[in-house]
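Open the structure in your viewer and have the selection tool ready. The stops below go from the contact between the chains to single elements.

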Number of protein chains: 2
Amino acid sequence: MAIEGHSGIDGQGGGAEILCIGTELLLGNILNGNARWLAEELAALGIAHYRQTVVGDNSERLRHAVLEAAGRCELLICTGGLGPTPDDLTTATLADAFGAPLEERPEVIETIATRLAQRNRALDPGSRKQALLPRGAAVLPNPTGTAPGMIWSPRPGFSLLTFPGVPSEMQAMWRATAVPWLRQQPFSRGVLRSRTLRFWGIGEGRLADRVADLLALDNPTVAPYAGAGEVTLRLTARGADADTAEALLAPVDQELRQRLGHHCFGADDASLASVVLELLRQRGQTLAVAESCTGGGIGAALAAVPGASDVFLGGVIAYANSVKQGLLQVPGEDLARHGAVSDAVALAMAEGVRRCTGADWGVAVTGIAGPGGGSVDKPVGLVHIGLSGPGGSQSEGVRFGESRERRWIQTLTVGEALNRLRLELTG
Amino acid sequence: MAIEGHSGIDGQGGGAEILCIGTELLLGNILNGNARWLAEELAALGIAHYRQTVVGDNSERLRHAVLEAAGRCELLICTGGLGPTPDDLTTATLADAFGAPLEERPEVIETIATRLAQRNRALDPGSRKQALLPRGAAVLPNPTGTAPGMIWSPRPGFSLLTFPGVPSEMQAMWRATAVPWLRQQPFSRGVLRSRTLRFWGIGEGRLADRVADLLALDNPTVAPYAGAGEVTLRLTARGADADTAEALLAPVDQELRQRLGHHCFGADDASLASVVLELLRQRGQTLAVAESCTGGGIGAALAAVPGASDVFLGGVIAYANSVKQGLLQVPGEDLARHGAVSDAVALAMAEGVRRCTGADWGVAVTGIAGPGGGSVDKPVGLVHIGLSGPGGSQSEGVRFGESRERRWIQTLTVGEALNRLRLELTG
């Protein structure tokens with residue numbers, strides 16, 4: 001609900017929409033990174049944004065989508081279809097939809113000709129097409145490529161901006177010309193500020209129950225989102241300026257952290273790995289991992305954090321039992337008696353990796369990621385997590401669910417292991 | 001233009017649309033990977049697909065978007081908003097839009113209760129809400145999570161399917177139930193067959209130049225896509241039946257593989273890790289890894305492949321030099337003289353991990369992932385990759401580019417190391 005509640009406009013109308021044009025999006029050939037990038041930019045500008053649409057390179061369908069949007073929103077951001085090929089029909093279709101003639105812009109022709117000359121190419125009919133804009137539209141210059149966009153208000157209370165689909169060109173045009181223009185417009189109302197609180201060890205449903213009253217707030221809004229094991233709450237406040245918006249965020253942020261206690265592990269760019277590394281850094285302690293079913297995933301998560309090397313020493317990937325015995329000195333008797341997926345083995349792995357690396361802390365995981373290898377006693381999704389530190393060792397079994405896929409179980413195991421170490425370090 | 005030309009339907013009407021529901025998409029918090037995945041699946045099923053829409057968790061706007069789509073298309077695929085929180089309002093909104101009452105489905109309650117019990121959790125009101133479906137709708141079972149979807153034809157000639165927004169759940173439901181159902185429907189006209197060829201070690205531009213004539217084909221179409229290090233070509237053929245479509249694919253597939261030689265490492269679900277594991281399995285040989293800058297990423301990629309354990313033994317994460325020396329017996333003299341990022345150390349790591357695990361093959365990486373730690377001689381992005389096998393050992397330095405981000409360098413290092421082993425194994 002986050003951004004929805006903030007608009008000054010009720011019902012269906014108002015705000016901005018994004019329209020991405022390109023058959024490659026309908027075929028699933030590429031991810032729609034432009035929509036995501038523009039969505040973040042609109043939020044940062046405080047422009048409410050209610051809908052994204054994708055249509056192919058088809059004039060009739062594009063025409064319908066544009067006219068529908070013109071009846072609903074104040075601002076339409078279009079990407080794609082500005083190139084030189086016959087497939088690129090955005091400008092001509094928009095002109096036709098609003099009954100405006102196309103006019104050749106001499107200043108655009110000149111820029112395009114100069115750019116092409118730099119690459120030893122002559123002005124061809126396709127490039128010439130790119131200099132045609134509807135009467136009344138302003139040129140939205142393209143500092144890096146050939147195709148310019150436009151800023152056009154074909155109807156009172158409705159403006160549209162067009163950009164090429166190439167992300168780098170679109171972004172350069174957005175920053176240089178669109179942002180300054182948008183800041184002057186009446187639909188830029190104040191400033192939005194967002195923060196994402198991150199949680200582990202609590203499901204989306206249970207979390208939502210505990211903060212139900214805050215999920216109903218209007219400003220800031222609080223919206224839950226569930227990833228793989230991690231649940232996040234996105235807080236978004238609107239204010240006349242950044243300070244006002246931040247001041248609205250702060251008390252709700254504090255209240256959420258207080259209510260959810262140790263489940264909250266950080267905010268924004270924090271990860272379980274970065275939080276654990278920082279806790280150990282503050283203590284001047286080091287960490288090593290002993291991984292069976294994750295095959296190196298815990299280590300990779302730690303190594304993904306810049307500057308991990310002052311805390312993270314490395315460890316042993318003990319996928320085969322022979323490696324558990326050889327490098328980690330897990331007793332063969334434990335393996336035979338309890339099986340590789342057991343508290344005894346997880347403990348021995350955690351202690352073994354501390355011994356062989358000299359780390360202050362050892363984290364170990366051994367489990368059944370599936371799809372094969374499960375039994376009634378030890379089903380797929382069962383993982384034992386061992387922790388060993390200066391104060392002693394412990395291990396526990398966790399069940400991530402028999403129906404889960406291998407990668408899901410591996411991802412949750414990585415997070416759960418790091419979270420157990422976090423809880424141990426924060427008491 | 002590819003998919004546009006294939007439809008039997010003219011003008012605005014017919015075909016499928018995708019509707020993704022979630023304010024997090026409007027805020028730009030996440031990429032719309034679901035839309036892309038579904039678009040590829042629809043293309044593979046031969047179902048024409050004309051529009052994608054994103055709306056937030058807002059009942060009124062969702063209602064409008066659904067009713068508009070119902071007036072335009074035959075099939076609407078909805079994702080998101082099926083969770084247990086008050087924000088999740090997809091099912092109730094759809095029921096209301098088409099004037100159908102919600103009914104509790106006992107069989108769904110039972111499944112949800114069983115799943116929750118496996119995780120030691122009780123049935124709460126939010127979960128109970130997930131068992132409500134509009135009268136007349138069929139349950140679309142969720143084999144891995146709690147929220148089921150539905151298959152519903154609220155009006156003649158218009159059907160809708162709902163899925164949770166969690167990609168793994170959505171994909172499992174799609175494959176198990178939606179695909180068989182869709183194959184029976186009249187809008188599945190003819191058959192599309194797709195194949196994705198996967199390449200490593202060649203850029204998208206160079207690859208496209210070498211197959212420019214094939215990229216211009218009409219049936220099958222061939223579309224390039226660049227990921228992180230990997231480049232793919234998607235071949236899509238349309239035929240009256242599967243055999244006809246496959247017969248169109250085969251010669252182009254063969255021609256592409258012939259032209260691009262060893263750059264092509266596999267097709268469809270193959271990964272560099274799965275290909276390397278299979279090559280070693282055929283030889284009855286085993287593999288261990290010694291990882292510095294990737295911190296376990298190569299091991300995690302191998303462990304992500306089901307059944308890896310008969311080939312992959314594990315290895316050593318030698319992030320700190322002390323671990324390189326202690327567990328892998330890298331000579332302190334090599335570290336002092338050549339530095340940790342050097343051929344001498346990569347070689348010693350690869351040989352060391354074979355020795356300490358007993359594996360037939362050892363792969364080692366040591367490099368500078370950045371953002372810190374670079375120098376003029378050894379810039380960020382420099383990685384040395386060592387290979388050791390029954391026939392001897394070798395090492396080489398690779399530069400992934402100083403301007404690249406840490407994760408990009410780590411991801412490319414994982415792929416490059418596996419690819420070097422692949423090339424060694426295939427001669």
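How many residues does the contact take from chain A and from chain B? Before selecting them, note that this is a predicted model. The contact takes 87 residues from chain A and 86 residues from chain B. On the side of chain A that touches chain B, 39 residues are nonpolar, 30 are polar and 18 are charged.

**Stop 1: the sheet across the two chains**

Select strand β2 (residues 49–55) in chain A and strand β2 (residues 49–55) in chain B. The two run antiparallel and are joined by five bridges. Within this pairing, A:V55 stands opposite B:R51 of β2(B).

Now widen the selection to the open sheet of twelve strands, ordered β6(A)-β7(A)-β8(A)-β3(A)-β1(A)-β2(A)-β2(B)-β1(B)-β3(B)-β8(B)-β7(B)-β6(B), with mixed pairing. At its edges stand β6 (138–140) of chain A and β6 (138–140) of chain B; each has a single partner strand, so one side of each is left without a neighbour in the sheet. From one strand to the next, the twist averages 20°.

For a detail in chain B, select strand β7 (residues 149–155) and strand β8 (residues 158–163), an antiparallel pair with three bridges. Here B:I151 stands opposite B:L161 in β8(B).

**Stop 2: helices on the sheet**

Select helix α4 (residues 59–70) of chain B, which packs on the sheet. Helix α4 touches β2 of chain A as well as β1 (16–21), β2, β3 (75–79), β7 and β8 of chain B. In chain A, helix α3 (residues 59–70) lies across strands that include β2 of chain B, and runs at about 175° to β1(A).

**Stop 3**

Select strand β14 (residues 312–318) of chain A. Are its residues buried or exposed? Seven of the seven residues of β14(A) are buried. Strand β13 (residues 287–291) of chain A runs parallel to β14(A) and is joined to it by five bridges, with A:V289 opposite A:G315.

**Stop 4: a helix in chain B**

Finish with helix α11 (residues 242–260) of chain B. At 1.5 Å a residue, its 19 residues should span 27 Å, and the end C-alpha atoms are 26 Å apart, which agrees. B:A245, B:V252, B:D253 and B:L256 are buried in α11(B). The elements covering the buried residues of α11(B) include β9 (191–200) and β11 (230–239) of chain B. Just after α11(B), B:G261 has a positive phi of about 50°.

Key
Residues are numbered from 1 along each chain as its sequence is written. Chains are lettered from A and ligands numbered from 1 in the order in which they are written. This is a predicted model: local features need pLDDT of at least 70, side-chain atom pairs count only at pLDDT 80 or more; totals for chains, interfaces and linings use all residues. Helices (H or I, at least four residues) and strands (E, at least two) are DSSP runs, numbered from the N terminus. The expected span of a helix is 1.5 Å times one less than its number of residues. A residue is buried if 20 or more other C-beta atoms lie within 10 Å of its own, exposed if 12 or fewer, and partly exposed in between; C-beta atoms are placed from the backbone. Two residues are in contact if their C-beta atoms, placed from the backbone, lie within 7 Å. Ala, Val, Leu, Ile, Met, Phe, Trp, Tyr, Cys and Pro count as nonpolar, Asp, Glu, Lys and Arg as charged, and the others, Gly among them, as polar. Two strands pair if DSSP finds at least two bridges between them. Axes are lines fitted to C-alpha atoms, for helices over the stretch in contact, and angles run from 0 to 180 degrees between N-to-C directions.
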